[in-house]
Amino acid sequence: MESKKTILELNKVSMHFGGLTAVDELSLDVKEGEIVGLIGPNGAGKTTVFNCVTQFYKEYTGDIYFQNHDGDQVDLRDYKVTDIAKLGLIRTFQNVELVKDLSILDNLLIGAHHHYETGIIQHILHTKKARSEEKRMKEKAYEILKFLKIYEIKDFYVAGQPYGILKKIEIARTLMSDPKLIILDEPAAGLNDQETDELETLIHQIRENYHTTILLIEHDMGFVMNICDRVCAINFGKFLAMDIPKNIQKNPSVQEAYLGKDE
Amino acid sequence: MNVKFLTKIEELLGPFSAKLRKHPNLTFVVFGLLLCLVALLPHLGLMNFGTMSIIAYITIYAVTALGLNILLGFSGLISLGTAGFVGAGALGTAVFIEMGLPFELAVVLVLTISGSIGALIGLFSLKVEGIYLAIATLFVGEILRQIYTQVPIFGGNSIQIDGGIKLLGFIELSQIFKEQRSMLFVLLVIIMVLMMIAMNNIIKSKTGRALLAMSRSEHAAQAMGISLLKYRLTAFVLATLFATVGGIMYAMYFQTIPTTSWSLDLSLFIIAMVVVGGFKSIYGTFLGAFIIHGIPNLILKDLLGDISYIFSGVLIILVIIFYPNGFVYIWVDIKKGYSKLKKRLQKDVTTDGK
Amino acid sequence: MSDLFGIIFNSLETGSVYALAALGIVLIFRTSKTTNFAQGMIGTFNAYIAAYVMLSLGWSIWIVALLALVTAFLTGIIIDTFIIRPASKVNAISKQIITLGIIMVIVGLLPKIFGVASFQLPRFIASEYSLDIFGATLFYNTIFVIVLSLTLMGGMFMFIQHTKWGLATRVTASDETTSKLMGVPTKRVTMISWATAAMLGTLAALFVAPRVSVYGNMLLTVQISAFFAGTLGGFSTFFGPVVGAYIIAFSRNFTQFYISDIWGNVMVYTLILVFLYFKPYGLFGKKPTKKV
């Protein structure tokens, strides 16, 4: 692991909302090909960290570096929130954010948005280039859908699909953008035990097949400990520890954050 | 009626519907060709010219409402200034032609001016939202209305295109002559079909998907690389361009353009067409234009006289309560009813056989 | 000097009328989550009733005005019960168009019930009673309109801020589902809101009537100005739109008199648009919090 390059690096990142400090001088790094978990009690500032990384919040202090497709380190602050996907950094949301009144296939195509080169004029005129591009994107989507075993239902609307399928569609959508790093916000929330097991296998497969790195927030500790190479624990926005799962479980400050201090 | 009869009809129509499903734009062409037949009817004595004009109105409103559907149906935005842009299209074309410009240049100029105002509203929409944005568009509509009624260049109560319009510099079409009026009608239908095809191509492309993604969840759309700036501008520019084309169609067909009709009422009626006809549906939009403008003027006025207005009002209220996404979605109910009917007939056959 | 005072009196009067209408619109917007385009038409309908009764029975303006307020109350309740409540699950845009349906029904009903001629309604206090202030005429009726409007609106704010019913209105306005779960009678709140809004609109119509006579579009300008007032003042408070109404009345009258009759409105509207760009939720409005 040590020889691998760092793909994401947070250096003393802080974020304040009025008087409240949501993230407090947090530093952490994610290496290429790793699966890293970010844990912490409710309100520890985990989602805020994600929002800073993906540039929804720009008012943070400190630095966030990302290694782009060319292998260069870039300061994410220089990029607009809508340019993050193009860099190869893509995220999911806590409460599945899909377009319910579009088909599953169309939702995947939204994930490939920044890959399109043709513009609206070509689309209106239905030019050959526009058609072949659309076809190429669809074929890519088919592959991903087959990989996730939801190809058969590709033309159904998203509305009315069971929760487990929705989560899969959201993951499938991230794959459409050729990500280097996928950020998953509570991927196992709302899933039953069997679905959670399936998700575990799936995340491993994604790493192998698509050569991506994964950073995730999750409350299901069993899941986190099983799946992650390393885990970073935070509380009140402050760094507690970052280590392999076994050591995190034994870490006294992490235990204290979750269970409270023994008197 | 029995199940064999139904299957036979299905078999007969099958190849057609398969073909049309594969090339959805072909359906618009077929639809347009059928509508063009209307242009012949007055000459055969089967319809009066007034009726043809009402249908011309429907095509104009359908195009305008299509643009509004991009806002209401796809982008989750509303505009109360649509009438202002229809007016811009109609009055602008007339003024430029009267200034001596060729028709085509007038059209390009009018579209450029309207499109720029649309882009400004798009920029504005990044800051202002919800009811504030809706009423801001009403401000724009009111400003335009004041300009049309107060500025002398628009000639008081109405402005007339003398001698009709001249296409490509040599095809002269005037509203005064009956044959030419029919030609103008066909022209309107052709424009409508082209706009329907353009709309279909837009909503099936990445633009349509991006607009929907933006309206359902702004931050998810941004995370996917969808720029709010770009697509807010796109939505408002498209909507104003469609409305302006509607206005240009008005100028082409009627050739006498009032300065006072481009007020909030008209904007609300056009919204009603989208709401009653069908969000996100192209045929639904046409259906809406037909229900709101066609039914009262073609049917109710003769049938019910002066209570047609009450009836239309009640119709709007009922359709919205029972088909909140638009009347076109009755199609789903019809399909369901049909398969139920077929099942029941099939059951009858099997029980009869025993 | 006399011009200046004339404009001030005039602006205070029209501002009061706009404010009444704007308050009705905000009330509906907050409790039913819809833009009520029919606000003006509902007021017009009841003004017709007043004028019709006055003409046929010869009753005084005070009595027919009271009668119109009672019928307005009923109109509001009928509209809420038979149209708004069945459509409570309809999306926001469609709901607005339902109020367009209401307009069409009323526009269709007017000639059926009252005939096609327009009516007259007199001032509450006849025009021979007036004061002379620096050469400008101040009718007692103008004072009456301003004082009554301000008193009524003041009373409504007190009611909304300090009574149990007012609290119910405020919580329904901020979150209907939670309010319902907490046992607030949201249905009754919505119904009373429609009734009150209809009465406010009718009052506006009765105040405007002596100037413009009673006809179908008598409240069109008032209605549009009320929308603008709401936007300028902000829809998230009840008093913002009232302040907005007076600002619009004053700025419109002043620009029309001192700058240009034609361009006065255009200037005011453009200025408000620019203002909105920098204060997108109006003068007193707050930005709703959003979660990512």
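View 1. Confidence in chain B is lowest in helix α1 (residues 3-22), at a mean of 74, and highest in helix α10 (residues 228-254), at 94. The score is pLDDT, the predictor's confidence in each residue, from 0 to 100. Chain B averages 86, and 97% of its residues score at least 70. Where pLDDT is low, the predicted coordinates should not be read in detail. Local features need pLDDT of at least 70 and side-chain atom pairs 80 or more, while totals for chains, interfaces and linings use all residues. Residues are numbered from 1 along each chain as its sequence is written, and chains are lettered from A and ligands numbered from 1 in the order in which they are written.

**View 2. The fold of chain B.** Chain B has 14 helices and 4 strands. These are DSSP runs (helices H or I, at least four residues; strands E, at least two), numbered from the N terminus. Of the 354 residues, 51% count as buried, with 20 or more other C-beta atoms within 10 Å of their own, C-beta atoms being placed from the backbone.

**View 3. Where chain B touches chain C.** The contact takes 35 residues from chain B and 39 residues from chain C. Two residues are in contact if their C-beta atoms, placed from the backbone, lie within 7 Å. On the chain B side, α6 (130-150), α11 (264-277) and α13 (308-322) each supply at least two residues. α6(B) gives the most, with 12 residues.

View 4. Among contacts in chain B between residues at least 6 apart in sequence, 76% join residues at least 24 apart.

How values were computed
Buried ≥ 20, exposed ≤ 12 C-beta atoms within 10 Å, placed from the backbone.
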